[in-house]
Amino acid sequence: MSHTTAKHLQDTVTLNNGVRMPWFGLGVFKVKEGSEVIDSVKTAIRSGYRSIDTAAVYKNEEGVGQAIAEAMRENSVPREELFVTSKVWNSDQGYSSTLDAFEVSLKKLGLDYLDLYLVHWPVKGKYKETWKALEHLYQSGKVRAIGVSNFHIHHLEDVLAEAKVVPAVNQVELHPYLTQVELREYNRSKGIQIEAWSPLAQGLVLKDPVIEALAAKYGKSAAQIVLRWNLQSGIVTIPKSIQPERIAANADVFDFELSAEDVASIDALNRNQRVGSDPDNFSF
């Protein structure tokens, strides 16, 4: 088991191209454009977060960009300390349409470059051309790292057969009810960093008796136990919240450590249960 020694919110993992990515970040899926997303991103940066994860399809890139600009100004956070991720949506996949979509995202975010750009879903017949477009963006210096999202092993093998650049990250649904052990092992063997979206399974795992018992044992919330499990399992994680106290609490996971037995007891909760779509069977 890989084990992160992350001791602080701003601790990073070094990706396969030498770029350093924070272990912990803020996801903004389903966070409304306008004041809701602006406030949550600014709260996160004020609380010490340095990684923000958005996507074209979330329709909040402008708000994320505005929040970043304001936070940099108000909290004197330099751009190079931030790690900003976006993703190309399914309807924009293909070579030239991906290049266009990237420029739109960059403009909405008001940034000169992205830290990480991902293929959002493995759209059949398109994701390999999309990957070639990401390689072009990477080689032209417009993005510091490129990766994929929701890719199974066979999708990765398909990309790697022709790739000039190995994906730096694979962001997938991953939580105690969907531990993705085989996928994690495969990614590790290829030097691809696993990142969890929906690390709390939209709250589903927080009522699990095993998690609740560990929360009581460590004097932490159920969410903090699960997020700590992510970190100790070598998984980059991006919990989403719009409540300031929750944003701060989610990140308060660096002052304790789960025992190996307790990590194993969370591993054992797997039931291959998804809250999102299966990457082999989606229709969007």
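User: In this predicted model, does D115 count as buried or exposed?
Analyst: The model is predicted, so the value is a computed one. The cut-off for buried is under 20% relative accessible area. D115 has 0% relative accessibility, so D115 counts as buried.

User: Which residue forms a salt bridge with D115?
Analyst: Side chains of opposite charge can pair when their charged atoms come close. For D115, the closest N and O atoms of the pair are 2.8 Å apart. The pair links distant parts of the chain, 36 residues apart. D115 is in the loop between α3 and β6, and its partner is in the loop between α2 and β5. That partner is R79.

User: Is R79 buried or exposed?
Analyst: Buried means under 20% relative accessible area. R79 has a relative accessible area of 11%, so R79 is buried.
For R79, the answer is buried.

User: How many residues apart in sequence are the parts tied together by K128 and E162?
Analyst: K128 forms a salt bridge with E162, with the closest N and O atoms 3.0 Å apart. K128 lies in helix α4 (residues 127-139). E162 lies in the loop between α5 and β8. The pair therefore ties together parts that are 34 residues apart.

User: What is the relative accessible area of E162?
Analyst: Partly exposed covers the range between buried, under 20%, and exposed, over 50%. K128 is partly exposed, at 24%. E162 is partly exposed too, with a relative accessible area of 45%.

User: Which helix holds both R188 and E185?
Analyst: R188 forms a salt bridge with E185, and the closest N and O atoms are 2.9 Å apart. R188 counts as partly exposed at 37%, and E185 is partly exposed at 46%. The two residues are three apart, about one turn of the helix. Both lie in helix α6.

User: Which residues do salt bridges that share partners join into one network?
Analyst: A search of the whole structure finds 17 salt bridges. One of them pairs K128 with E162. Through shared partners, one network joins K128, E129, K132, D158 and E162.

User: How is α7 oriented relative to α10?
Analyst: Helix α7 (residues 209-218) and helix α10 (residues 260-267) pack with their axes 10 Å apart. Their angle is about 155°. Angles over 145 degrees count as roughly antiparallel. Therefore α7 is, relative to α10, roughly antiparallel.

User: How many residues of the contact of α7 with α10 are nonpolar?
Analyst: The crossing of α7 and α10 is left-handed. On α7 the contact uses V210, I211, L214, K217 and Y218. On α10 it uses D262, S265 and I266. One contact residue is polar, two are charged, and the nonpolar ones number five.

User: What is the hand of the crossing of α1 and α2?
Analyst: Helix α1 (residues 35-46) and helix α2 (residues 61-74) pack at about 40°, with axes 8 Å apart. Contact residues of α1 are V37, I38, V41, K42 and I45. Those of α2 include G63, V64, Q66 and A67. The contact divides into eight nonpolar, two polar and three charged residues, and the crossing is right-handed.

User: Which residues is Q180 in contact with, leaving aside its neighbours within four places in sequence?
Analyst: Q180 is in the loop between β8 and α6. Its relative accessible area is 13%, so Q180 is buried. With those sequence neighbours left aside, Q180 is in contact with V172, E173, L174 and R274.

Notes. Residues numbered from 1 in each chain as written. Predicted model: local features only at pLDDT ≥ 70, side-chain atom pairs only at ≥ 80, totals over all residues. Heavy atoms only, no water. Axes fitted to C-alpha atoms, helices over the stretch in contact; angles between N-to-C directions. Helix = DSSP H or I, 4+ residues; strand = E, 2+ residues; numbered from the N terminus. Parallel < 35°, antiparallel > 145°, perpendicular 65-115°, else oblique. Left-handed = near helix turned anticlockwise from the far one by under 90°. Contact = heavy atoms within 4.5 Å. Nonpolar A, V, L, I, M, F, W, Y, C, P; charged D, E, K, R; others polar. Salt bridge = Lys/Arg side-chain N within 4 Å of Asp/Glu carboxyl O. Buried < 20%, exposed > 50% of the residue type's maximum accessible area, 1.4 Å probe, protein only.
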